[in-house]
Structures are given as structure tokens and as C-alpha cells.
Amino acid sequence: MDEQRETLQRIVSTLANKNDEIHNFIDMLNHTIKNVQVNSSNAISELDEEFDGLYSILDEMKGSMTNTIQQEEARKIQALQDQLSQCSNALESSEELLELAAQSLDIKDPVEFLKAARQIKDRVTMASAFRISLKPKVSDSMTHLMVDFALERRMLQAVKFLPVPKAPEIDLAACLVADNCITVSWRMPEEDSRIDHFVLEYRKTNFDGLPRVKDEQRWELIDYIKATEYTLSGLKFDTKYMNLRVQACNKAVAGEYSDPVTLETKAFVFSLDSTSSHLNLKVEDTYVEWDPTGGKGQEKIKGKENKSRSGAPSPKRTSISTRSSARGSRDHFTGESYTVLGDTAVESGQHYWEVRAQKDCKSYSVGVTYRNLGKFDQLGKTNSSWCIHINNWLQTTFSAKHNNKTKTLDIPVPDRIGVYCDFDGGQLAFYNANSKELLHTFRTKFTQPLLPGFMIWCGGLTVSTGLQVPSAVKTLQKSENGLSGSTSSLNHIA
């Protein structure tokens with residue numbers, strides 16, 4: 001019966017997951033349909049604008065060329081009219097002279113006839129009719145202003161949509177996720193010499209498989225990539241996966257996106273738990289700072305907490321208890337245990353985080369602890385906590401602590417400390433986060449979940465989470481495995 005119920009539950013879970021995938025795909029299809037409609041409308045609008053621009057240029061050119069023809073027409077007509085006027089005047093003068101000559105033929109007196117003949121001869125010699133050209137100054141041809149748009153017509157007929165680059169193909173096997181960097185590699189389905197650059201988009205997600213339309217973070221964009229590979233560096237892996245896609249662009253237009261790929265970006269992410277931190281510590285997400293007035297400022301809250309133990313709980317205390325119920329309700333650290341813990345436990349696997357102290361920090365500890373660390377307990381002074389401790393009061397001391405035993409570390413204190421925790425392998429190692437130099441290693445067998453722990457006095461600490469185990473640390477750990485630790489006196493088997 002139990003076996004059948006378990007089988008049915010697996011079937012129900014599988015169906016539910018498949019339904020979720022189908023719902024996601026339906027959302028994507030509906031989103032794609034809307035995008036097709038919007039993009040088609042935009043394409044038609046842009047086409048109208050281009051043709052309107054072309055029409056405007058043609059109309060402008062037609063007007064200019066028509067004006068040129070009209071000016072040539074006016075010039076020629078004016079020249080012909082001037083010539084016509086000259087000819088009319090010459091003809092009128094010639095007709096008068098012809099009439100005078102006809103009259104002179106009727107003169108009988110020889111003297112008067114000779115005189116009239118000489119006058120007519122002189123006037124004929126000077127007559128404009130003999131000095132004007134009887135050839136038109138301009139022709140009636142307008143062929144020099146004819147056009148041949150055969151070439152332009154062929155060019156217009158050859159107008160087509162711009163060649164859109166094809167979608168690149170991401171080479172999943174060549175992609176690499178390491179050291180909080182993602183290297184993405186892709187190729188074009190066929191050679192395209194017109195590709196000018198690529199655009200890479202990525203976004204974080206907690207869902208495996210196809211990118212979801214709803215409840216997703218926005219795409220981040222890297223533009224003008226000239227190569228077919230790009231490395232995203234300095235990432236914080238605070239989600240389980242990363243969606244990536246690539247787009248090819250030529251000088252005119254961008255192509256379709258590649259099929260998106262989803263890469264796993266698993267890392268240890270936690271915040272500092274202010275619900276149980278010492279009242280003299282000011283805690284904000286991944287930053288903790290010593291506040292000497294914190295205890296005094298919290299006296300009223302402490303009073304309410306004390307009353308809540310014997311009477312009705314205060315609203316603030318109830319809120320804290322509810323929030324911390326998943327981690328197990330606990331009191332604030334007090335006394336000289338200026339401690340704050342992480343809000344997420346390490347229960348398996350290999351994890352890494354880093355800590356940076358303020359330069360004027362007087363004293364601080366970095367390590368891990370089981371949940372049973374008492375409110376008066378200090379890191380490294382119990383058999384269930386491990387840490388390294390830095391004391392800058394008067395003179396600097398650097399030591400490793402566990403079960404109230406101390407081992408002095410004769411090495412410089414780095415400004416940034418890396419913490420490597422291999423729960424299953426029973427190793428807790430501390431590194432110089434800049435050089436990846438090994439500072440100290442605890443070897444033991446962890447039997448309970450571990451919480452990151454921090455103690456701070458007079459100063460502040462910044463914790464960096466969402467980090468993968470650095471490749472250099474992995475390499476060092478491989479070489480360290482099988483060798484005895486440098487601090488055998490502090491090795492502890494829980």
C-alpha cells in the first residue's frame with residue numbers, strides 16, 4: 001500500500017511538473033504571438049516611413065527637373081520672340097522701302113529720278129532686312145532634358161528586405177562556469193562576412209529549462225562583442241541558474257536570438273541573522289559592525305523580551321520567533337560573545353565565502369559552529385565551533401581556535417579571508433582570498449549542520465556570499481588531501 005502510494009505520488013509530481021512546463025510554454029506562445037503582432041505593426045510603419053521618404057525624394061527631384069524644363073522653355077521662347085520682333089521690324093521697313101522704290105519708277109524728270117534712285121540705293125544698303133539672320137537662334141528640340149530611368153527602375157525593382165543575420169548557435173559543451181565567471185561560446189550556422197558584432201543577454205533564474213515569461217528578472221545586455229566567445233566575470237551566484245542567449249548584428253539590422261541555454265550557477269548564499277546577534281552588533285544583510293551603544297539602545301527591547309518569558313509575548317518578539325523558527329528559535333548572544341551567525345546552514349557539499357574586515361578592526365573571528373552554540377559561548381572555545389581569530393589590540397596576533405585550544409599562525413593577516421567548508425570531507429580551510437594561500441585547515445567529522453559564525457569587536461566585517469569554490473582552492477585541496485594538517489593538535493573528531 002505504501003509503495004503504491006509513493007509510486008502514485010511520484011506520478012502526480014511528474015504530471016504537476018509537466019503541467020507547469022506546458023503552462024510556461026503556453027505563456028511563451030501567447031507572449032510570442034503578441035510580439036509578432038507588435039513587431040509586424042512596427043515593420044509596416046517603418047516600411048511606410050521608408051517609402052514616404054522615397055516618394056518625397058522623387059517628388060522633390062520631379063519638381064526640380066520640371067522647373068529646369070520650364071526655365072529652358074521660357075529661355076527659348078524669349079529668344080525666338082526677340083528674333084520674331086526683329087524680323088517684323090525689318091519686314092515693315094523693307095515694305096516701306098519697296099513702296100518708295102515703286103513710286104520712284106514713275107518719276108519722269110531724269111534729275112529727280114537719279115536723286116530718288118540714289119536715296120533708295122542708300123536706304124537698301126542700310127536696310128535691316130539685309131542684316132538679320134533668317135535662321136532660328138534656338139531649336140525647338142528639348143531632347144537634352146529627357147531622362148532615362150531604366151537603371152533606377154531596375155534598382156527600385158531590386159529593392160528587398162534587408163538580409164537578417166541568422167540566429168547563432170550556442171555551443172553548450174564549450175560553455176564554462178567557474179570562479180563566479182561564465183564563459184559562453186557560440187557559432188554561426190553558416191559563414192556570414194556581413195556580421196559586425198554580437199549581443200549577449202543573460203538573466204538569473206531559479207527555474208531549470210526554458211526561460212519563463214512570468215516572474216523573471218530582466219535580461220542584462222552586453223553589446224558590441226566582436227568575437228564568438230565572451231566571459232561574464234565578477235558574478236554573484238545568488239540564483240540556481242542563468243539563462244543566456246546571443247544575437248548577431250550586421251551594420252543595418254539585428255537577427256533573431258539564439259535558442260536560450262540554461263547553465264547551473266549553484267553557490268552558497270546566506271545573510272547574517274540579526275534575530276540572534278549580540279545587541280552591540282549592528283547587522284545589515286551581509287555587513288556587521290560593532291556598536292557600543294547598541295545594548296543601551298536595546299534595553300527597552302530586552303525588557304519586553306524578559307516580560308515575554310513570564311507574560312504575553314511582545315509583537316516584536318513574536319515576529320522574531322516566527323522568522324527564526326526554521327533555524328530554531330534562540331536568544332540573542334550576550335555578555336562577551338559578540339557573535340552573529342549566518343541564516344543558512346551547511347548540511348552537505350563544498351562551499352566557499354569570503355570576509356573582509358575594516359582596517360581599524362580591533363578583534364574578530366571567522367569560522368563555523370553547530371547550532372548549539374550558547375548565547376554566552378565564543379567561537380573556538382567550544383567543541384562544536386572552529387574559527388581563526390585576529391586580535392589587533394596593542395599588537396597583532398593571528399591564531400586558529402577550537403575546543404578552547406589555540407594555535408598561533410605565524411603568517412601575515414590578509415585583508416580578505418576565504419572560508420572553504422567541505423562538509424562531507426570533514427575539512428574547514430581558511431585562505432588568503434587574494435593570493436589563495438592556505439592559512440589553516442581543520443580536519444574533523446561534521447555530525448551536525450554548520451552555521452557560518454562571526455565575532456566582532458571595535459570594527460566591522462563584510463561577508464561576500466554567492467561565490468563558487470575557486471579553482472585555485474580546489475587544486476590546493478586536492479594536493480592537501482591525504483596529507484596531515486599543519487595543526488594536528490587542533491584536529492578534532494566530533
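Strands here are DSSP runs of E at least two residues long, numbered from the N terminus. With that in hand, keep in mind that you are looking at a predicted model, and start by colouring by confidence. The protein averages a pLDDT of 86, and 89% of the residues score at least 70. Now select residues 297-327: the pLDDT there is below 50, and beyond near neighbours in sequence this stretch has 23 contacts in the model. Do likewise with residues 484-489, where the pLDDT is also below 50 and the contacts beyond near neighbours in sequence come to nine. Where pLDDT is low, the predicted coordinates should not be read in detail.

**Stop one: E201**

Select E201, which you will find in strand β4, residues 197-205. Is E201 buried or exposed? E201 counts as buried because its relative accessible area is 7%, and the cut-off for buried is under 20%. Show side chains next. The E201 side chain has a polar contact of 2.8 Å with the side chain of R245, and another, of 2.7 Å, with the side chain of Y257. To see what else is around, bring up the residues E201 touches, leaving out those up to four places away in sequence: W219, E220, L221, N243, L244, R245 and Y257.

**Stop two: a pair of positive phi values**

Go to Y224 in strand β5, residues 220-225. Its phi is near 55°, a positive value in a residue other than glycine. Y224 has 58% relative accessibility, so it counts as exposed.

Then jump to D285, in the loop between β10 (281-284) and β11 (287-290). Here too phi is positive in a residue other than glycine, near 60°. At 49% relative accessibility, D285 counts as partly exposed.

**Stop three: the open sheet**

Switch to cartoon and pick out six strands. In what order do the strands of this open sheet run? Going across, they are β12-β21-β14-β15-β16-β17, with antiparallel pairing. β12 (339-341) and β17 (405-408) are at the edges with a single partner strand each, so one side of each has no neighbour in the sheet. On average, neighbouring strands of this sheet are turned by 20° against each other, direction ignored.

Finish by zooming in on β14 (residues 363-369) and β21 (residues 451-457), antiparallel strands joined by seven bridges. Click on Y364 and look across: its bridge partner in β21 is I456.

Technical notes:
Residues numbered from 1 in each chain as written. Predicted model: local features only at pLDDT ≥ 70, side-chain atom pairs only at ≥ 80, totals over all residues. Heavy atoms only, no water. Pairing = 2+ DSSP bridges. Helix = DSSP H or I, 4+ residues; strand = E, 2+ residues; numbered from the N terminus. Axes fitted to C-alpha atoms, helices over the stretch in contact; angles between N-to-C directions. pLDDT = per-residue confidence, 0-100. Contact = heavy atoms within 4.5 Å. Buried < 20%, exposed > 50% of the residue type's maximum accessible area, 1.4 Å probe, protein only. Polar contact = N/O pair within 3.5 Å; in protein donor to acceptor, adjacent residues only side chain to side chain.
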